[in-house]
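Dear colleague,

Please find below the structure that I am handing over to you. My notes on it follow directly after.

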Amino acid sequence: GNIDGDSTLVLSVYYTRDSYSIIANNNNAKAGTSTQINGTYKYDKEFTLTATTNAGYTWLGWYDGENLACETEEFTFKAEKDVTYTATWSAHTDAKYTVNYYLQNLDDDEYTLHETVELSGETDTTAYGETERYTHFTYNASASTTSGNIDGNGTLVLSVYYTRNAYT
């Protein structure tokens, strides 16, 4: 503007606050829950991300790509750049499960628990019981539960039944 001698000139300058794309997600929905965000937000807006970890998993942290941004399950930050934060867990490789093997009785058609085997595997993978474990017995598919998802609580129990072979 033109500077007059009467001091009436007022200049006004307006700034638009920058906006950034903020995304928060997780690497495995079975591993736990986390804050989910996907939007564009103005500079300096504060966020608090939270995560909870399910049994059978280990919390690794909030990651920005390959870089660890925060080790704790609660993470507070401000919108200062375009960013994607991923809640990251790893599955336990030693999650416990049980396989019970039942053999048909000699005197009746009932089954008796013959052997219990305690095993371990990776959380949220499929475990299998053996179907060819005993000689002179035939695997009974209709009575058995030979596979299941290994949960992190150690509650998976597979039951495998074997019918006694009969000979002439």
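Which residues form a negative surface patch? The patch is made up of D107, D108, D109 and E110. Patches consist of residues with over 30% relative accessible area and no salt bridge, where like charges are joined within 9 Å and nonpolar side chains (Val, Leu, Ile, Met, Phe, Trp, Tyr) within 5 Å. Asp and Glu count as negative and Lys and Arg as positive, while His and the chain ends are not counted. The place of a charge is taken as NZ of Lys, CZ of Arg, CG of Asp or CD of Glu.

Please note that this is a predicted model, in which local features need pLDDT of at least 70 and side-chain atom pairs count only at pLDDT 80 or more, whereas totals for chains, interfaces and linings use all residues. Residues are numbered from 1 along each chain as its sequence is written, and side-chain values use heavy atoms, with hydrogens and water left out.

D109 belongs to the loop between strand 9 (95-104) and strand 10 (111-121). Strands (E, at least two residues) and helices (H or I, at least four) are DSSP runs, numbered from the N terminus. With a relative accessibility of 62%, D109 counts as exposed. Here, exposed means over 50% relative accessible area, buried under 20%, and partly exposed in between (1.4 Å probe, protein chains only).

Strand 9, by contrast, has nine of its 10 residues buried, so the rest of the structure largely encloses this strand. A hairpin of six residues connects strand 9 to strand 10. These two strands run antiparallel and are joined by 10 bridges; two strands are said to pair if DSSP finds at least two bridges between them. In this pairing, T98 stands opposite E118 of strand 10.

Strand 9 is also joined to strand 14 (residues 157-164), by six bridges and in the parallel sense. N100 has S159 of strand 14 as its bridge partner, and Y102 has Y161. Strand 14 also pairs with strand 12, in the antiparallel sense and over three bridges. There, T138 has T163 of strand 14 as its bridge partner.

Salt bridges

How many salt bridges does the structure hold? There are four, a salt bridge being a side-chain nitrogen of Lys or Arg within 4 Å of a carboxyl oxygen of Asp or Glu.

One of them joins the side chains of K81 and D64, at 3.3 Å from N to O. K81 lies in the loop between strand 7 (74-78) and strand 8 (83-91) and D64 in strand 5 (residues 57-64), so the pair ties together parts that are 17 residues apart in sequence. Both residues are partly exposed, K81 with a relative accessible area of 41% and D64 with 23%.

Another links E115 and R133 through their side chains, at 2.9 Å from N to O. Because E115 is in strand 10 and R133 in the loop between strand 11 (126-128) and strand 12 (137-139), this pair connects parts that are 18 residues apart in sequence. E115 is partly exposed at 25%, as is R133 at 27%.

R133 also forms a salt bridge with E130, with the closest N and O atoms 2.5 Å apart. E130 is partly exposed, at 40% relative accessibility.

With kind regards

How values were computed
Accessible areas come from the Shrake-Rupley method with a 1.4 Å probe; for residues, only the protein chains shown count as cover.
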